[in-house]
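Subject: Handover of a structural model

Dear colleague,

Please find below the model that I am passing on to you, together with its sequence. A description of the findings follows it.

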Amino acid sequence: NIVRVRNINVVEKPDNYTRIGLKKLNDKVDINLKVGQTYNEPGYEVSNKNLNDKVRVIGNVDTSTKGSYTLIYSVVDLNGVTVNALRTVDVE
């Protein structure tokens, strides 16, 4: 028998941790497109404006192929806390 052990460190976020707010399109964070439509990134805002240019957007949207695509917006704040926000883009 193989025993696998996973150690998980839980770090409490400070009260003033950074937040990422996703801008909405048609009053929704998640987006629905038809195959062939162009995806235009609505954008995001970081509560700490000094970190706006440090946000990484991970993922791609292929509007030529039906599917559900997840974009991850990620930044490490000044406390060393990684903050993520998710957007789903459905191509139908």
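Buried means under 20% relative accessible area, exposed means over 50%, and partly exposed lies in between, with a 1.4 Å probe and protein chains only. By that criterion Arg87 is buried, since its relative accessible area is 0%.

The model is predicted: local features need pLDDT of at least 70, side-chain atom pairs count only at pLDDT 80 or more, and totals for chains, interfaces and linings use all residues. Residues are numbered from 1 along each chain as its sequence is written, and side-chain values use heavy atoms, with hydrogens and water left out.

Overall architecture

The protein has zero helices and six strands; helices (H or I, at least four residues) and strands (E, at least two) are DSSP runs, numbered from the N terminus. Along the sequence the pattern reads β-β-β-β-β-β. The radius of gyration, taken over C-alpha atoms, is 17 Å, well over the 12 Å that the globule rule gives for 92 residues, so the protein is more spread out than a compact globule. That rule is 2.2 Å times the number of residues to the power 0.38. Along the principal axes, the C-alpha atoms fill a box of roughly 50 × 45 × 20 Å. Of the 92 residues, 26% count as buried. Among contacts (heavy atoms within 4.5 Å) with a separation of 6 or more, 52% come from residues 24 or more positions apart.

The sheet

Four strands make up an open sheet with mixed pairing, in the order β2-β6-β5-β4. Two strands are taken to pair if DSSP finds at least two bridges between them. At the edges are β2 (31-33) and β4 (56-58), each of which pairs on one side only. From one strand to the next the twist averages 25 degrees, where axes are lines fitted to C-alpha atoms and angles run from 0 to 180 degrees between N-to-C directions.

β4 and β5 (residues 67-76) run antiparallel and are joined by three bridges. Within this pairing, Arg56 stands opposite Ser74, and Ile58 stands opposite Ile72. β5 also pairs with β6 in the antiparallel sense, over 10 bridges; Val75 has Val83 in β6 as its bridge partner. These two strands, β5 and β6, form a hairpin with five residues between them, and Gly80 in the turn has a positive phi of about 80 degrees.

Salt bridges

How many salt bridges does the structure hold? There are two, a salt bridge being a side-chain nitrogen of Lys or Arg within 4 Å of a carboxyl oxygen of Asp or Glu.

One of them brings together the side chains of Glu41 and Arg87, at 3.4 Å from N to O. This pair links distant parts of the chain, 46 residues apart: Glu41 is in the loop between β2 and β3 (44-46), and Arg87 is in strand β6 (residues 82-91). Glu41 counts as partly exposed, at 36% relative accessibility, whereas Arg87 is buried. The two side chains also make a polar contact at 3.4 Å, that is, a pair of N or O atoms within 3.5 Å of which, within protein, one must be able to donate a hydrogen and the other to accept it; residues adjacent in sequence count only if both atoms are side-chain atoms.

Another salt bridge is formed by Glu45 and Lys49, whose closest N and O atoms are 3.3 Å apart. Glu45 is partly exposed, with a relative accessible area of 41%.

With kind regards
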